[in-house]
Amino acid sequence: MKRPVVIAIVEGPTDFKVIDKILQTYTTVLPNIGSAKIKVIYTIGDRLTKRDEKRGIYRLEQDCLDFISEEIEIHLDAWFSKSDNPIKLKDITAVLFLTDMDGVCIPDSSIRLNSDPNPTSNLTYTETEILVKYDKKRDALADAIDRNSRKRRNINYILQGHDITLRVDNETVDVPISIFYMSTNLEHVTVNIRQAEQKEKDYLAVKWCNEIASNGPKAIKEFFSNLLPCKPTYERSWQYIMEEGTFRTLKRSSNFRLVLDALEKLSSKTNKNGEIK
């Protein structure tokens, strides 16, 4: 019988440290869900907006899903090459993609050039606008507007319910992919700090993670429950956050609680041998 394996994808190494520990801590209370059944991987940068430098293009909709699967397959190749690896391609039952909203649905008119000549970041987020660092080599303002448009398009495509195809050697499997969000970034959600330098980001994220994990699974679920911006359903959480022309994608919120709910449902469908009933 099939053993359920869930792959969670995050944007960077700090997100990986935090989300991996949160998920492994939370699943200690779920019967039949062991750490080997949840694999957290990270990409460098946002796969929904990142330029594919090999092909020299931005990848959209189905091509974006293929872009995501290419990243997963790199990790699968590494896992499957290990002699003690218990996972098979057919065991993968779901892909969970975690992204930052980054103000993608605010009005284009609220994306402005930063008046600060030396900002600490290319993009500075506030409650009502995105401030773009001037770049004499390119039209940074137009690039930021285009980035928002690409991300909206790719999110909406994933939300239509498409499967993601994973290929390893001569095997192929089609797996449902779901997408979940943080607001501006991880530390905005965890400690309510919107802008921080990289060293501070790492420190704040890991410190918060250790504290919340030490309080146990109940504290983790309660924390993320308080960040749900609306009724706790997958569809409604996305309808709310993706309403164009609003500033909700800049506000502190997350539907990550629904990831925990999904793992609970998977646990209830799995028997003591770790197989789907």
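Me: Is Phe224 buried or exposed?
Reply: This is a predicted model, where local features need pLDDT of at least 70, side-chain atom pairs count only at pLDDT 80 or more, and totals for chains, interfaces and linings use all residues. Residues are numbered from 1 along each chain as its sequence is written, and side-chain values use heavy atoms, with hydrogens and water left out. Buried means under 20% relative accessible area, exposed over 50%, partly exposed in between (1.4 Å probe, protein chains only). Phe224 has a relative accessible area of 2%, so call it buried.

Me: How do the rings of Phe223 and Phe224 pair up?
Reply: Rings of Phe, Tyr and Trp (its six-membered ring) pair if their centres lie within 6.5 Å; planes under 30 degrees apart count as stacked, over 60 as edge-to-face and the rest as tilted. For Phe223 and Phe224 it's 5.2 Å centre to centre with 85° between the planes, which is edge-to-face.

Me: What type of aromatic pair do Phe224 and Phe256 form?
Reply: Their centres sit 4.8 Å apart. The planes are at 55°, and the pair is tilted.

Me: Which residue's face does Arg150 lie over?
Reply: A charge sits over a ring if NZ of Lys or CZ of Arg is within 6 Å of the ring centre and within 35 degrees of the ring normal. Arg51 lies over the face of Tyr58 at 5.8 Å from the ring centre. For Arg150, at 3.7 Å from the ring centre, the ring is Tyr58.
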